[in-house]
Amino acid sequence: MISSEEIFETIDMVAIENLDIRTVTLGINIAGCSSSNPKKLAENVEEKIIEKGERLSEAADRIESRYGIPIVNRRISVSPVGEMIAPALKNDDEVGVEVALAMDNAAKEIGVDFIGGYSALVDRGMTKASNCLLNTIPKALSQTERVCSSVEVASTRSGINMDAVKKSGEIVKETAEKTSEDGGLGCAKLGFFANAPPDNPFMPGAMHGPGNEESSISVAISGPGVVRSVVETTDGDFSELSEAIKKTSFKMTRAGELVGRKVAEQLDVKFNIVDLSLAPTPAEGDSVAMILEKMGIEGCGAPGSTAALALLTDAVKKGGMMATPNVGGLSGSFIPVTEDSRMARAVEQGSMNIEKLEAMSSVCSVGLDMVPIPGDTSPETISAIIADECAIGMMNNKTTGIRLIPVPGKKSGDTVSFGGLLGESTIMSVSKYKSTKFSQRGGRIPAPIHSLKN
Amino acid sequence: MNEEDVVVITVEGSDHPGIVAGITQALADVDANILDISQTVVREVFTMLLFADLKNSDIEFNELKERLNQVGDEQGVRITVQSEEIFTQMHRV
(Lines give C-alpha, C1' and ligand atoms only; values in the text may rest on other atoms or scores of the structure.)
Protein backbone atom coordinates (compact mmCIF):
# COMPACT_ATOMS: atom_id res chain seq x y z
CA MET A 1 0.00 0.00 0.00
CA ILE A 2 1.06 3.52 -0.75
CA SER A 3 2.75 5.39 2.15
CA SER A 4 1.43 8.47 3.92
CA GLU A 5 4.54 10.43 2.82
CA GLU A 6 3.75 9.68 -0.81
CA ILE A 7 0.12 10.69 -0.41
CA PHE A 8 0.94 13.97 1.28
CA GLU A 9 3.69 14.65 -1.28
CA THR A 10 1.10 14.48 -4.07
CA ILE A 11 -1.36 16.62 -2.13
CA ASP A 12 1.32 19.26 -1.47
CA MET A 13 2.36 19.24 -5.13
CA VAL A 14 -1.17 20.32 -6.02
CA ALA A 15 -2.04 22.50 -3.03
CA ILE A 16 1.25 24.33 -2.52
CA GLU A 17 3.32 23.95 -5.68
CA ASN A 18 0.63 24.47 -8.38
CA LEU A 19 0.89 21.04 -10.04
CA ASP A 20 -1.86 20.86 -12.59
CA ILE A 21 -2.89 19.48 -15.92
CA ARG A 22 -2.56 22.64 -17.96
CA THR A 23 -4.89 21.43 -20.67
CA VAL A 24 -6.83 18.48 -21.93
CA THR A 25 -7.11 19.03 -25.66
CA LEU A 26 -9.47 17.13 -27.91
CA GLY A 27 -8.18 16.88 -31.47
CA ILE A 28 -10.81 16.63 -34.20
CA ASN A 29 -10.28 15.99 -37.89
CA ILE A 30 -12.54 18.34 -39.87
CA ALA A 31 -11.33 17.43 -43.38
CA GLY A 32 -14.63 15.68 -44.08
CA CYS A 33 -16.55 18.91 -43.44
CA SER A 34 -15.38 20.42 -46.70
CA SER A 35 -17.91 21.60 -49.27
CA SER A 36 -17.92 23.83 -52.33
CA ASN A 37 -20.53 25.97 -50.61
CA PRO A 38 -18.74 28.25 -48.10
CA LYS A 39 -21.79 28.57 -45.81
CA LYS A 40 -22.36 24.83 -45.77
CA LEU A 41 -18.66 24.22 -45.09
CA ALA A 42 -18.71 26.53 -42.05
CA GLU A 43 -21.92 24.93 -40.78
CA ASN A 44 -20.41 21.46 -41.14
CA VAL A 45 -17.35 22.52 -39.13
CA GLU A 46 -19.46 23.98 -36.34
CA GLU A 47 -21.67 20.89 -36.14
CA LYS A 48 -18.76 18.48 -36.12
CA ILE A 49 -16.91 20.32 -33.34
CA ILE A 50 -20.02 20.48 -31.19
CA GLU A 51 -20.87 16.84 -31.80
CA LYS A 52 -17.39 15.62 -30.90
CA GLY A 53 -16.63 18.11 -28.16
CA GLU A 54 -19.84 18.62 -26.23
CA ARG A 55 -18.94 16.05 -23.58
CA LEU A 56 -15.34 17.18 -23.14
CA SER A 57 -15.85 19.51 -20.17
CA GLU A 58 -18.08 17.10 -18.31
CA ALA A 59 -15.58 14.25 -18.79
CA ALA A 60 -12.69 16.43 -17.66
CA ASP A 61 -14.65 17.56 -14.58
CA ARG A 62 -15.34 13.98 -13.58
CA ILE A 63 -11.71 12.89 -13.88
CA GLU A 64 -10.47 16.03 -12.12
CA SER A 65 -12.72 15.26 -9.17
CA ARG A 66 -11.81 11.58 -9.02
CA TYR A 67 -8.04 12.04 -9.02
CA GLY A 68 -7.78 15.43 -7.34
CA ILE A 69 -5.47 16.91 -9.98
CA PRO A 70 -6.82 20.22 -11.32
CA ILE A 71 -7.40 20.44 -15.06
CA VAL A 72 -6.98 24.13 -15.79
CA ASN A 73 -8.18 24.26 -19.40
CA ARG A 74 -10.29 22.18 -21.76
CA ARG A 75 -9.53 22.89 -25.39
CA ILE A 76 -10.17 21.79 -28.93
CA SER A 77 -7.75 21.51 -31.82
CA VAL A 78 -8.90 20.84 -35.36
CA SER A 79 -7.06 19.65 -38.44
CA PRO A 80 -5.47 22.60 -40.29
CA VAL A 81 -8.22 24.77 -41.80
CA GLY A 82 -5.85 25.79 -44.62
CA GLU A 83 -6.00 22.22 -45.93
CA MET A 84 -9.77 21.93 -46.21
CA ILE A 85 -11.17 25.19 -47.58
CA ALA A 86 -9.92 24.59 -51.15
CA PRO A 87 -13.24 23.37 -52.64
CA ALA A 88 -15.05 26.51 -51.45
CA LEU A 89 -12.58 29.05 -52.80
CA LYS A 90 -13.72 31.60 -55.35
CA ASN A 91 -11.87 34.82 -56.19
CA ASP A 92 -10.81 37.11 -53.34
CA ASP A 93 -12.13 34.70 -50.81
CA GLU A 94 -13.01 35.06 -47.17
CA VAL A 95 -14.26 31.55 -46.62
CA GLY A 96 -11.60 31.20 -43.94
CA VAL A 97 -13.20 33.92 -41.83
CA GLU A 98 -16.54 32.08 -42.02
CA VAL A 99 -14.82 28.96 -40.71
CA ALA A 100 -13.15 30.94 -37.92
CA LEU A 101 -16.52 32.33 -36.84
CA ALA A 102 -17.96 28.81 -36.88
CA MET A 103 -15.07 27.57 -34.75
CA ASP A 104 -15.60 30.44 -32.32
CA ASN A 105 -19.32 29.68 -32.02
CA ALA A 106 -18.65 26.00 -31.44
CA ALA A 107 -16.06 26.80 -28.75
CA LYS A 108 -18.56 29.03 -26.93
CA GLU A 109 -21.30 26.44 -27.27
CA ILE A 110 -19.27 23.66 -25.65
CA GLY A 111 -17.53 25.92 -23.14
CA VAL A 112 -13.84 25.76 -24.12
CA ASP A 113 -11.67 28.87 -23.80
CA PHE A 114 -9.53 28.32 -26.91
CA ILE A 115 -9.79 26.40 -30.14
CA GLY A 116 -6.72 25.89 -32.34
CA GLY A 117 -6.17 24.82 -35.91
CA TYR A 118 -6.79 27.98 -37.91
CA SER A 119 -3.54 26.90 -39.44
CA ALA A 120 -1.57 26.27 -42.57
CA LEU A 121 1.56 24.23 -43.24
CA VAL A 122 3.58 26.22 -45.76
CA ASP A 123 7.18 25.27 -44.97
CA ARG A 124 7.80 24.31 -48.60
CA GLY A 125 5.33 26.47 -50.47
CA MET A 126 1.83 27.86 -50.46
CA THR A 127 -1.27 26.49 -52.13
CA LYS A 128 -4.04 28.82 -53.22
CA ALA A 129 -6.01 27.75 -50.15
CA SER A 130 -3.20 28.22 -47.64
CA ASN A 131 -2.39 31.60 -49.16
CA CYS A 132 -6.04 32.59 -48.74
CA LEU A 133 -6.01 31.40 -45.14
CA LEU A 134 -2.88 33.41 -44.34
CA ASN A 135 -4.50 36.53 -45.82
CA THR A 136 -7.51 36.17 -43.54
CA ILE A 137 -5.63 35.59 -40.25
CA PRO A 138 -5.75 39.23 -39.04
CA LYS A 139 -9.45 39.50 -39.75
CA ALA A 140 -10.24 36.08 -38.27
CA LEU A 141 -8.35 36.81 -35.06
CA SER A 142 -9.87 40.25 -34.63
CA GLN A 143 -13.43 39.02 -35.21
CA THR A 144 -13.27 35.99 -32.93
CA GLU A 145 -12.56 35.57 -29.28
CA ARG A 146 -11.33 32.02 -28.86
CA VAL A 147 -9.77 31.02 -32.18
CA CYS A 148 -6.00 30.46 -32.30
CA SER A 149 -3.91 30.41 -35.43
CA SER A 150 -0.55 28.90 -36.27
CA VAL A 151 1.55 28.71 -39.40
CA GLU A 152 4.42 26.34 -40.07
CA VAL A 153 6.81 28.40 -42.18
CA ALA A 154 9.92 26.22 -41.88
CA SER A 155 11.11 22.69 -41.25
CA THR A 156 14.34 20.72 -41.23
CA ARG A 157 13.08 18.72 -44.22
CA SER A 158 11.99 21.68 -46.35
CA GLY A 159 14.00 24.69 -45.24
CA ILE A 160 12.56 28.13 -44.53
CA ASN A 161 9.86 29.47 -46.84
CA MET A 162 11.00 33.09 -46.92
CA ASP A 163 8.01 34.18 -48.99
CA ALA A 164 5.79 32.97 -46.17
CA VAL A 165 8.11 34.54 -43.58
CA LYS A 166 7.87 37.88 -45.37
CA LYS A 167 4.09 37.60 -45.32
CA SER A 168 4.19 36.59 -41.63
CA GLY A 169 5.72 39.90 -40.58
CA GLU A 170 2.90 41.70 -42.36
CA ILE A 171 0.27 39.42 -40.77
CA VAL A 172 1.66 40.12 -37.29
CA LYS A 173 1.55 43.87 -37.86
CA GLU A 174 -1.96 43.82 -39.29
CA THR A 175 -3.24 41.59 -36.50
CA ALA A 176 -1.77 43.95 -33.88
CA GLU A 177 -3.35 46.96 -35.56
CA LYS A 178 -6.75 45.28 -35.87
CA THR A 179 -6.69 44.50 -32.13
CA SER A 180 -4.95 47.71 -31.02
CA GLU A 181 -7.63 48.53 -28.43
CA ASP A 182 -6.48 45.47 -26.48
CA GLY A 183 -2.75 46.10 -26.85
CA GLY A 184 -2.43 43.91 -29.94
CA LEU A 185 -4.01 40.96 -28.15
CA GLY A 186 -4.74 39.18 -31.45
CA CYS A 187 -1.00 38.43 -31.74
CA ALA A 188 -1.18 36.41 -28.50
CA LYS A 189 -3.34 33.95 -30.42
CA LEU A 190 -0.94 33.66 -33.35
CA GLY A 191 2.23 31.59 -33.60
CA PHE A 192 4.73 30.86 -36.38
CA PHE A 193 6.63 27.60 -36.25
CA ALA A 194 9.55 25.62 -37.55
CA ASN A 195 8.95 21.85 -37.28
CA ALA A 196 5.43 22.29 -35.86
CA PRO A 197 4.39 19.15 -33.96
CA PRO A 198 1.17 17.58 -35.30
CA ASP A 199 0.02 16.69 -31.77
CA ASN A 200 0.65 19.89 -29.83
CA PRO A 201 -2.02 20.49 -27.18
CA PHE A 202 -0.78 24.01 -26.29
CA MET A 203 -2.21 27.20 -27.78
CA PRO A 204 -1.73 28.94 -30.09
CA GLY A 205 0.09 26.10 -31.89
CA ALA A 206 -2.43 23.36 -31.13
CA MET A 207 -3.58 21.52 -34.21
CA HIS A 208 -4.80 18.05 -35.05
CA GLY A 209 -2.10 17.58 -37.63
CA PRO A 210 -1.59 15.12 -40.48
CA GLY A 211 -1.32 11.44 -39.56
CA ASN A 212 -3.62 11.55 -36.55
CA GLU A 213 -6.69 9.52 -35.66
CA GLU A 214 -10.13 10.88 -36.49
CA SER A 215 -10.29 12.24 -32.96
CA SER A 216 -8.01 11.92 -29.93
CA ILE A 217 -7.13 13.36 -26.54
CA SER A 218 -3.77 14.93 -25.70
CA VAL A 219 -2.82 16.38 -22.34
CA ALA A 220 -0.22 18.86 -21.20
CA ILE A 221 1.13 18.66 -17.69
CA SER A 222 2.60 21.60 -15.97
CA GLY A 223 4.46 22.10 -12.78
CA PRO A 224 7.18 24.78 -12.77
CA GLY A 225 6.34 25.31 -9.09
CA VAL A 226 6.95 21.65 -8.28
CA VAL A 227 10.32 21.66 -10.06
CA ARG A 228 11.26 24.97 -8.44
CA SER A 229 10.59 23.44 -5.03
CA VAL A 230 12.85 20.47 -5.89
CA VAL A 231 15.64 22.78 -7.09
CA GLU A 232 15.29 24.88 -3.93
CA THR A 233 15.71 21.89 -1.65
CA THR A 234 18.54 20.17 -3.56
CA ASP A 235 21.96 21.39 -2.47
CA GLY A 236 23.91 18.90 -4.55
CA ASP A 237 25.87 19.38 -7.75
CA PHE A 238 24.34 19.42 -11.22
CA SER A 239 24.22 15.61 -11.56
CA GLU A 240 22.22 15.38 -8.37
CA LEU A 241 20.02 18.26 -9.45
CA SER A 242 19.29 16.54 -12.76
CA GLU A 243 18.39 13.31 -10.97
CA ALA A 244 16.04 15.13 -8.59
CA ILE A 245 14.27 16.91 -11.46
CA LYS A 246 13.96 13.63 -13.38
CA LYS A 247 12.20 11.95 -10.46
CA THR A 248 9.74 14.81 -10.12
CA SER A 249 9.10 14.94 -13.83
CA PHE A 250 8.36 11.21 -13.75
CA LYS A 251 5.66 11.72 -11.12
CA MET A 252 4.08 14.69 -12.88
CA THR A 253 4.02 12.88 -16.20
CA ARG A 254 2.41 9.81 -14.67
CA ALA A 255 -0.37 12.01 -13.33
CA GLY A 256 -0.85 13.48 -16.81
CA GLU A 257 -0.85 10.08 -18.44
CA LEU A 258 -3.52 8.73 -16.10
CA VAL A 259 -5.74 11.79 -16.50
CA GLY A 260 -5.39 11.77 -20.30
CA ARG A 261 -6.11 8.06 -20.57
CA LYS A 262 -9.19 8.32 -18.37
CA VAL A 263 -10.65 11.36 -20.18
CA ALA A 264 -10.10 9.57 -23.49
CA GLU A 265 -11.90 6.49 -22.12
CA GLN A 266 -14.84 8.64 -21.05
CA LEU A 267 -15.13 10.15 -24.51
CA ASP A 268 -14.47 6.85 -26.24
CA VAL A 269 -11.61 8.25 -28.33
CA LYS A 270 -7.94 7.28 -28.56
CA PHE A 271 -5.45 8.73 -26.10
CA ASN A 272 -2.78 10.50 -28.12
CA ILE A 273 0.10 12.06 -26.16
CA VAL A 274 1.32 13.72 -22.96
CA ASP A 275 3.17 16.97 -23.55
CA LEU A 276 5.82 17.28 -20.85
CA SER A 277 6.27 21.01 -21.03
CA LEU A 278 6.92 23.20 -18.04
CA ALA A 279 4.52 26.04 -18.79
CA PRO A 280 4.70 28.99 -16.41
CA THR A 281 1.82 31.23 -15.35
CA PRO A 282 1.95 34.72 -13.88
CA ALA A 283 1.20 33.18 -10.43
CA GLU A 284 3.97 33.81 -7.91
CA GLY A 285 6.43 30.91 -7.95
CA ASP A 286 4.92 29.18 -11.00
CA SER A 287 7.88 30.35 -13.03
CA VAL A 288 10.53 28.77 -15.26
CA ALA A 289 12.76 31.87 -14.89
CA MET A 290 12.66 31.36 -11.13
CA ILE A 291 13.85 27.74 -11.48
CA LEU A 292 16.93 29.00 -13.36
CA GLU A 293 17.50 31.69 -10.73
CA LYS A 294 17.25 29.08 -7.95
CA MET A 295 20.10 27.19 -9.66
CA GLY A 296 22.31 30.13 -8.74
CA ILE A 297 21.67 32.87 -11.30
CA GLU A 298 21.02 36.33 -9.91
CA GLY A 299 18.68 37.44 -12.69
CA CYS A 300 17.31 35.26 -15.48
CA GLY A 301 19.28 35.99 -18.64
CA ALA A 302 22.61 36.40 -16.84
CA PRO A 303 25.49 34.15 -18.03
CA GLY A 304 24.71 30.54 -17.17
CA SER A 305 21.01 30.84 -18.02
CA THR A 306 21.28 28.85 -21.26
CA ALA A 307 23.18 26.03 -19.55
CA ALA A 308 20.71 25.99 -16.67
CA LEU A 309 17.78 25.81 -19.10
CA ALA A 310 19.48 23.01 -21.05
CA LEU A 311 19.84 20.93 -17.89
CA LEU A 312 16.26 21.63 -16.88
CA THR A 313 14.72 20.77 -20.26
CA ASP A 314 16.76 17.58 -20.60
CA ALA A 315 15.98 16.33 -17.10
CA VAL A 316 12.25 16.99 -17.57
CA LYS A 317 12.29 14.96 -20.79
CA LYS A 318 14.28 12.07 -19.34
CA GLY A 319 11.96 11.70 -16.36
CA GLY A 320 8.90 12.02 -18.57
CA MET A 321 10.08 9.49 -21.16
CA MET A 322 10.31 6.87 -18.44
CA ALA A 323 6.78 7.64 -17.26
CA THR A 324 4.79 7.13 -20.45
CA PRO A 325 5.25 5.63 -23.90
CA ASN A 326 3.15 8.47 -25.30
CA VAL A 327 5.38 11.54 -25.13
CA GLY A 328 4.72 14.17 -27.78
CA GLY A 329 3.83 17.76 -28.54
CA LEU A 330 6.41 20.37 -27.57
CA SER A 331 7.75 18.63 -24.44
CA GLY A 332 10.39 20.81 -22.82
CA SER A 333 10.34 24.17 -21.06
CA PHE A 334 8.56 27.34 -22.09
CA ILE A 335 10.22 30.71 -21.71
CA PRO A 336 7.41 33.19 -22.42
CA VAL A 337 7.92 36.76 -21.29
CA THR A 338 4.54 38.15 -20.24
CA GLU A 339 3.19 34.83 -18.97
CA ASP A 340 6.06 34.30 -16.49
CA SER A 341 6.18 37.02 -13.83
CA ARG A 342 9.87 36.39 -13.05
CA MET A 343 10.77 36.53 -16.73
CA ALA A 344 8.87 39.82 -16.99
CA ARG A 345 10.84 41.06 -13.99
CA ALA A 346 14.09 39.95 -15.63
CA VAL A 347 13.18 42.10 -18.64
CA GLU A 348 12.31 45.05 -16.42
CA GLN A 349 15.56 44.86 -14.45
CA GLY A 350 17.59 44.43 -17.65
CA SER A 351 19.04 40.96 -17.08
CA MET A 352 17.08 39.57 -20.04
CA ASN A 353 17.00 40.87 -23.60
CA ILE A 354 15.61 39.51 -26.85
CA GLU A 355 19.00 38.24 -28.07
CA LYS A 356 19.52 36.17 -24.92
CA LEU A 357 15.97 34.83 -25.20
CA GLU A 358 16.75 33.73 -28.74
CA ALA A 359 19.92 31.98 -27.56
CA MET A 360 18.01 30.19 -24.81
CA SER A 361 15.38 29.01 -27.27
CA SER A 362 18.02 26.77 -28.86
CA VAL A 363 17.90 24.50 -25.80
CA CYS A 364 14.22 24.50 -24.85
CA SER A 365 11.03 23.50 -26.56
CA VAL A 366 9.71 26.73 -27.97
CA GLY A 367 11.16 30.04 -29.03
CA LEU A 368 10.37 33.72 -28.72
CA ASP A 369 7.08 33.42 -26.89
CA MET A 370 4.76 36.23 -25.82
CA VAL A 371 7.42 38.84 -26.49
CA PRO A 372 6.02 42.39 -26.53
CA ILE A 373 8.01 44.67 -28.85
CA PRO A 374 7.60 48.33 -29.86
CA GLY A 375 4.48 49.03 -31.92
CA ASP A 376 6.48 50.77 -34.63
CA THR A 377 8.67 47.74 -35.35
CA SER A 378 8.62 47.24 -39.12
CA PRO A 379 7.10 44.10 -40.70
CA GLU A 380 10.50 43.39 -42.28
CA THR A 381 12.21 43.39 -38.88
CA ILE A 382 9.51 41.06 -37.50
CA SER A 383 10.00 38.76 -40.51
CA ALA A 384 13.75 38.71 -39.91
CA ILE A 385 13.26 37.81 -36.23
CA ILE A 386 10.93 34.98 -37.34
CA ALA A 387 13.58 33.81 -39.84
CA ASP A 388 16.30 33.75 -37.16
CA GLU A 389 14.17 31.71 -34.81
CA CYS A 390 13.17 29.33 -37.61
CA ALA A 391 16.85 28.86 -38.47
CA ILE A 392 17.49 27.61 -34.94
CA GLY A 393 14.67 25.09 -35.32
CA MET A 394 15.64 24.03 -38.82
CA MET A 395 19.35 23.53 -38.09
CA ASN A 396 18.80 21.80 -34.74
CA ASN A 397 15.98 19.55 -35.90
CA LYS A 398 13.65 20.87 -33.23
CA THR A 399 10.50 22.89 -32.90
CA THR A 400 10.80 26.63 -32.53
CA GLY A 401 7.89 29.01 -32.29
CA ILE A 402 7.51 32.74 -32.52
CA ARG A 403 4.77 34.77 -30.83
CA LEU A 404 5.67 38.44 -31.10
CA ILE A 405 3.35 41.27 -30.13
CA PRO A 406 4.17 44.68 -31.61
CA VAL A 407 2.09 46.64 -29.08
CA PRO A 408 0.39 49.52 -30.92
CA GLY A 409 1.41 52.95 -29.68
CA LYS A 410 3.96 51.63 -27.18
CA LYS A 411 7.73 51.88 -27.21
CA SER A 412 10.58 50.03 -25.54
CA GLY A 413 10.41 50.40 -21.75
CA ASP A 414 6.62 50.99 -21.63
CA THR A 415 4.48 48.28 -20.06
CA VAL A 416 1.60 46.23 -21.41
CA SER A 417 -0.90 44.05 -19.58
CA PHE A 418 -3.02 41.39 -21.27
CA GLY A 419 -4.68 40.13 -18.09
CA GLY A 420 -5.23 36.62 -16.77
CA LEU A 421 -2.83 33.88 -17.80
CA LEU A 422 -1.39 36.06 -20.59
CA GLY A 423 0.21 38.33 -17.97
CA GLU A 424 2.11 41.58 -18.36
CA SER A 425 5.59 42.88 -19.06
CA THR A 426 7.84 45.72 -20.10
CA ILE A 427 8.11 46.17 -23.88
CA MET A 428 11.44 44.73 -25.08
CA SER A 429 13.85 46.54 -27.39
CA VAL A 430 14.66 45.28 -30.85
CA SER A 431 17.74 46.14 -32.87
CA LYS A 432 17.62 49.56 -34.50
CA TYR A 433 19.53 48.17 -37.51
CA LYS A 434 17.30 47.22 -40.42
CA SER A 435 16.94 43.87 -42.20
CA THR A 436 14.57 45.16 -44.88
CA LYS A 437 16.46 43.89 -47.93
CA PHE A 438 16.98 40.50 -46.32
CA SER A 439 13.30 40.05 -45.57
CA GLN A 440 12.24 41.15 -49.05
CA ARG A 441 14.59 38.80 -50.90
CA GLY A 442 12.04 35.94 -50.96
CA GLY A 443 12.39 32.35 -52.10
CA ARG A 444 13.38 29.50 -49.86
CA ILE A 445 16.36 29.02 -47.59
CA PRO A 446 17.25 25.45 -48.57
CA ALA A 447 16.96 22.58 -46.14
CA PRO A 448 20.23 21.83 -44.33
CA ILE A 449 22.50 18.98 -45.31
CA HIS A 450 21.34 16.86 -42.36
CA SER A 451 17.82 16.79 -43.79
CA LEU A 452 19.16 14.23 -46.28
CA LYS A 453 18.94 11.28 -43.95
CA ASN A 454 17.75 8.62 -46.34
CA MET B 1 -9.12 -5.84 -4.81
CA ASN B 2 -9.58 -3.50 -7.75
CA GLU B 3 -7.35 -0.45 -7.47
CA GLU B 4 -10.05 1.70 -9.05
CA ASP B 5 -12.41 0.91 -6.16
CA VAL B 6 -10.10 2.12 -3.41
CA VAL B 7 -10.27 5.72 -2.29
CA VAL B 8 -7.77 7.58 -0.13
CA ILE B 9 -9.28 10.01 2.36
CA THR B 10 -7.14 12.57 4.17
CA VAL B 11 -8.38 14.67 7.05
CA GLU B 12 -6.65 17.65 8.61
CA GLY B 13 -7.83 20.16 11.19
CA SER B 14 -8.08 21.20 14.82
CA ASP B 15 -8.41 18.17 17.15
CA HIS B 16 -11.66 17.45 19.01
CA PRO B 17 -13.86 14.40 19.83
CA GLY B 18 -16.07 12.99 17.09
CA ILE B 19 -14.03 13.49 13.90
CA VAL B 20 -13.29 9.79 13.32
CA ALA B 21 -16.85 8.86 14.34
CA GLY B 22 -18.35 11.32 11.87
CA ILE B 23 -16.26 10.11 8.96
CA THR B 24 -16.51 6.39 9.63
CA GLN B 25 -20.28 6.67 10.11
CA ALA B 26 -20.58 8.38 6.72
CA LEU B 27 -18.56 5.54 5.17
CA ALA B 28 -20.61 2.84 6.90
CA ASP B 29 -23.81 4.49 5.63
CA VAL B 30 -22.71 3.88 2.02
CA ASP B 31 -21.29 0.35 2.55
CA ALA B 32 -17.68 1.46 2.14
CA ASN B 33 -15.25 -0.97 3.76
CA ILE B 34 -12.33 0.55 5.66
CA LEU B 35 -9.04 -1.14 4.73
CA ASP B 36 -6.58 0.92 6.70
CA ILE B 37 -6.78 3.85 9.05
CA SER B 38 -4.09 5.88 10.79
CA GLN B 39 -4.27 9.11 12.72
CA THR B 40 -2.01 11.38 14.74
CA VAL B 41 -2.40 14.52 16.77
CA VAL B 42 0.59 16.86 16.82
CA ARG B 43 0.22 20.13 18.71
CA GLU B 44 -3.56 19.83 18.59
CA VAL B 45 -3.56 19.38 14.82
CA PHE B 46 -5.45 16.25 13.88
CA THR B 47 -4.28 14.34 10.79
CA MET B 48 -5.88 11.16 9.50
CA LEU B 49 -5.32 8.93 6.50
CA LEU B 50 -7.93 6.35 5.59
CA PHE B 51 -8.18 3.78 2.78
CA ALA B 52 -11.68 2.61 1.92
CA ASP B 53 -12.90 0.03 -0.58
CA LEU B 54 -16.04 0.95 -2.52
CA LYS B 55 -16.38 -2.45 -4.20
CA ASN B 56 -19.69 -3.22 -2.47
CA SER B 57 -20.98 0.33 -2.49
CA ASP B 58 -23.39 1.78 -5.04
CA ILE B 59 -22.42 5.35 -4.35
CA GLU B 60 -21.11 7.62 -7.10
CA PHE B 61 -17.65 9.03 -6.42
CA ASN B 62 -18.83 12.64 -6.45
CA GLU B 63 -21.69 11.91 -4.09
CA LEU B 64 -19.33 10.29 -1.59
CA LYS B 65 -17.11 13.34 -1.87
CA GLU B 66 -20.07 15.62 -1.17
CA ARG B 67 -21.14 13.62 1.88
CA LEU B 68 -17.63 13.63 3.31
CA ASN B 69 -17.24 17.35 2.63
CA GLN B 70 -20.45 17.86 4.60
CA VAL B 71 -18.91 15.93 7.51
CA GLY B 72 -15.81 18.10 7.08
CA ASP B 73 -17.93 21.25 7.38
CA GLU B 74 -19.72 19.93 10.48
CA GLN B 75 -16.45 18.95 12.14
CA GLY B 76 -14.47 21.95 10.98
CA VAL B 77 -11.79 19.84 9.25
CA ARG B 78 -10.45 19.72 5.69
CA ILE B 79 -11.11 16.46 3.84
CA THR B 80 -9.72 15.27 0.51
CA VAL B 81 -11.02 12.21 -1.33
CA GLN B 82 -9.07 10.75 -4.26
CA SER B 83 -8.90 7.49 -6.09
CA GLU B 84 -5.87 5.46 -4.91
CA GLU B 85 -4.85 4.98 -8.52
CA ILE B 86 -3.36 8.47 -8.84
CA PHE B 87 -0.91 7.77 -6.00
CA THR B 88 0.22 4.37 -7.26
CA GLN B 89 0.61 5.83 -10.76
CA MET B 90 2.76 8.68 -9.54
CA HIS B 91 4.90 6.90 -6.99
CA ARG B 92 5.43 3.38 -8.34
CA VAL B 93 7.57 2.54 -11.36
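The side chains of Thr281(A) and Asp286(A) are joined by a polar contact of 2.8 Å; a polar contact here is a pair of N or O atoms within 3.5 Å, where within protein one atom must be able to donate a hydrogen and the other to accept it, and residues adjacent in sequence count only if both atoms are side-chain atoms. The model is a predicted one, in which local features need pLDDT of at least 70 and side-chain atom pairs count only at pLDDT 80 or more, while totals for chains, interfaces and linings use all residues. Residues are numbered from 1 along each chain as its sequence is written, chains are lettered from A and ligands numbered from 1 in the order in which they are written, and side-chain values use heavy atoms, with hydrogens and water left out.

Back to Thr281(A), which sits in the loop between strand 8 (270–275) and helix 9 (288–294) of chain A. Helices (H or I, at least four residues) and strands (E, at least two) are DSSP runs, numbered from the N terminus. With a relative accessibility of 9%, Thr281(A) counts as buried; the scale is buried under 20% relative accessible area, exposed over 50% and partly exposed in between, with a 1.4 Å probe and protein chains only. Setting aside neighbours within four places in sequence, Thr281(A) is in contact with Arg22(A), Asp286(A), Glu339(A), Asp340(A), Ser341(A) and Leu421(A), contact meaning heavy atoms within 4.5 Å.

Another loop residue of chain A is Ser351(A), found between helix 11 (341–349) and helix 12 (354–360). Its C-alpha atom is separated by 5.6 Å from that of Gly299(A), although the two residues are 52 residues apart along the chain. The side chain of Ser351(A) reaches the backbone oxygen of Cys300(A) at 2.8 Å and makes a polar contact of 3.1 Å with the side chain of Gln349(A). Not counting residues up to four places away in sequence, Ser351(A) touches Gly299(A), Cys300(A), Gly301(A), Ala302(A) and Ala346(A).

Next come the charged pairs. Side chains of opposite charge can pair when their charged atoms come close. Glu174(A) is partly exposed at 35% relative accessible area, and Lys178(A) is partly exposed at 42%.

Lys262(A) is buried, with a relative accessible area of 7%, and Glu85(B) is buried at 7%. Elsewhere, a network of salt bridges links Asp104(A), Lys108(A), Glu145(A) and Arg146(A).

In chain B, 4 strands form an open sheet in the order 2-3-1-4, with antiparallel pairing; two strands pair if DSSP finds at least two bridges between them. Strand 2 (33–42) and strand 4 (77–83) stand at the edges with a single partner strand each, so one side of each is left without a neighbour in the sheet. The twist averages 10° from one strand to the next. Strand 2 is joined to strand 3 (residues 45–53) by 9 bridges, and Asp36(B) stands opposite Phe51(B) in strand 3. Asp53(B), also placed in strand 3 of chain B, is buried at 6% relative accessible area. A polar atom of the Asp53(B) side chain lies 2.9 Å from the backbone nitrogen of Lys55(B). Helix 3 of chain B lies across strand 1 (6–14), strand 3 and strand 4, running at about 70° to strand 4; axes are lines fitted to C-alpha atoms, for helices over the stretch in contact, and angles run from 0 to 180 degrees between N-to-C directions.

Note on methods: Salt bridge = Lys/Arg side-chain N within 4 Å of Asp/Glu carboxyl O.
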